[in-house]
Amino acid sequence: MSDRAQQALHLLGLEPVAEMLADPNAYGFRPKRSTADAIGQCFTVLAPKQGAQWILEGDIKACFDRISHPWLIDHIPMDKPILRKWLAAGYMEEGVVYPTEAGTPQGGIASPVLANMALDGLEDVARRAAPRNQKIHVVKYADDFIITCASKEVLETMAKPAVVAFLKERGLELSDEKTRITHIDDGFDFLGFNVRKYAGKLLIKPSKKAVLSFLKKIRGTIRANIAAKTEDLIRQLNSKLRGWANYYRHVVAKKAFAYVDHHVFQALIAWINRRHPNKSARWKRQRYFRSEGRRNWVFFALTRDGLGKATCLDLFQAASVPITRHIKIQANATPYDPAITDYFARRAHFRRVSRLAWRGMAVSS
């Protein structure tokens, strides 16, 4: 606890420096930024008809485990003896201490900031490597990034070699398996989203891999609770469904939401049939489903509210989440810049109003 407290204390001094030096379009592990901002930047640079057509999908091999310690010690502006101790502390697994010769401390409070600072400058390097008319843009989230360009050849012969050299200096390298160059008409996956142009129109959706992976987890939860109370199962599922839908609520996700709801319903039917193999279909429907407004077959459980009054706990529907536009954070905005304090206050107010409006829609529906 003492070590973590020391890291937190040093982070208070390091994070403002890191924020002022950060790449404008880096969004991972930074205050007031999210994946929604990264995806918003993807839309900004790729949606125009005359936008870049080629994308380098970059993935850094074991980034957090391989960052060069000498590079960090030479370039991170903080107490050097303390930093050396952090980096050399190692980690413990099953009672055995393993020393670390590279990478940022696993689970360390300051580790994300150290990794971000090691990758700062990537955007500038990529831009300088190619002519200005090549529409070079970098969108980075932690160790995942994309680089857009008007020409595949420029990406292969100029931008990518510059990035490789930049990473090598820091003890890092691109993953050959996950790094590829893709045309926007073929689309690419980034942070769980699929970004692709259809007949010249950019659409961003939940990726197929992300949808299938989520459904696999949901089915696992349902199978693992074969003997659980219906109320307990619904609470577990609602938490997962609501969180997943909220993550994708800013993109073209209505079909994906309906697809998820349909397959969750099928998984619940199988769950009911395993619990009651000898009961009739009518009995099962009356026991586990009810109608609410225009909705039929609402999976529910009887429970009591905080006042002890009987009420119904319904399964959350992903499709009930409205699609709302996310307003991307300004590229150079940071909460440590006093000149734009009002900007963050207005942004926070707008988000509160949006959440209240959504809750009102949910109650009325």
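Which elements do the buried residues of α10 pack against? They pack against α9 (208-224), α11 (254-275), α12 (281-288), β11 (295-304) and β12 (310-314).

1. Basis of the note. This is a predicted model, in which local features need pLDDT of at least 70 and side-chain atom pairs count only at pLDDT 80 or more, while totals for chains, interfaces and linings use all residues. Residues are numbered from 1 along each chain as its sequence is written, and side-chain values use heavy atoms, with hydrogens and water left out.

2. Helix α10. Helices (H or I, at least four residues) and strands (E, at least two) are DSSP runs, numbered from the N terminus. Helix α10 covers residues 230-247, 18 residues in total. From first C-alpha to last, α10 reaches 26 Å, close to the 26 Å expected at 1.5 Å a residue; the expected span is 1.5 Å times one less than the number of residues.

3. The buried face of α10. Buried means under 20% relative accessible area, exposed over 50%, and partly exposed in between (1.4 Å probe, protein chains only). The buried residues of α10 are Thr230, Leu233, Ile234, Leu237, Asn238, Leu241, Trp244 and Ala245. Seen down the axis of α10, they fall within an arc of 145°, so they line one face of the helix. The arc is that of the directions from the helix axis to the C-beta atoms.

4. The open sheet. Four strands, in the order β4-β5-β1-β6, form an open sheet with antiparallel pairing; two strands pair if DSSP finds at least two bridges between them. The edges are β4 (137-141) and β6 (180-183), each with a single partner strand, so one side of each has no neighbour in the sheet. β4 and β5 (residues 144-149) pair in the antiparallel sense over five bridges. Lysine 140 stands opposite phenylalanine 145 in β5.

5. A helix on the sheet. Helix α2 (residues 35-46) packs on the sheet and touches β1 (54-59), β4 and β5. Contact means heavy atoms within 4.5 Å. The direction of α2 makes about 165° with that of β4; axes are lines fitted to C-alpha atoms, for helices over the stretch in contact, and angles run from 0 to 180 degrees between N-to-C directions.

6. Two single residues. Is glutamate 101 buried or exposed? At 73% relative accessibility, glutamate 101 counts as exposed; this residue lies in the loop between β3 (96-98) and α6 (111-119). Arginine 347, in helix α13 (residues 341-364), is buried, with a relative accessible area of 12%. Leaving aside neighbours within four places in sequence, arginine 347 is in contact with Asp37, His326, Ile327, Lys328 and Ile329.
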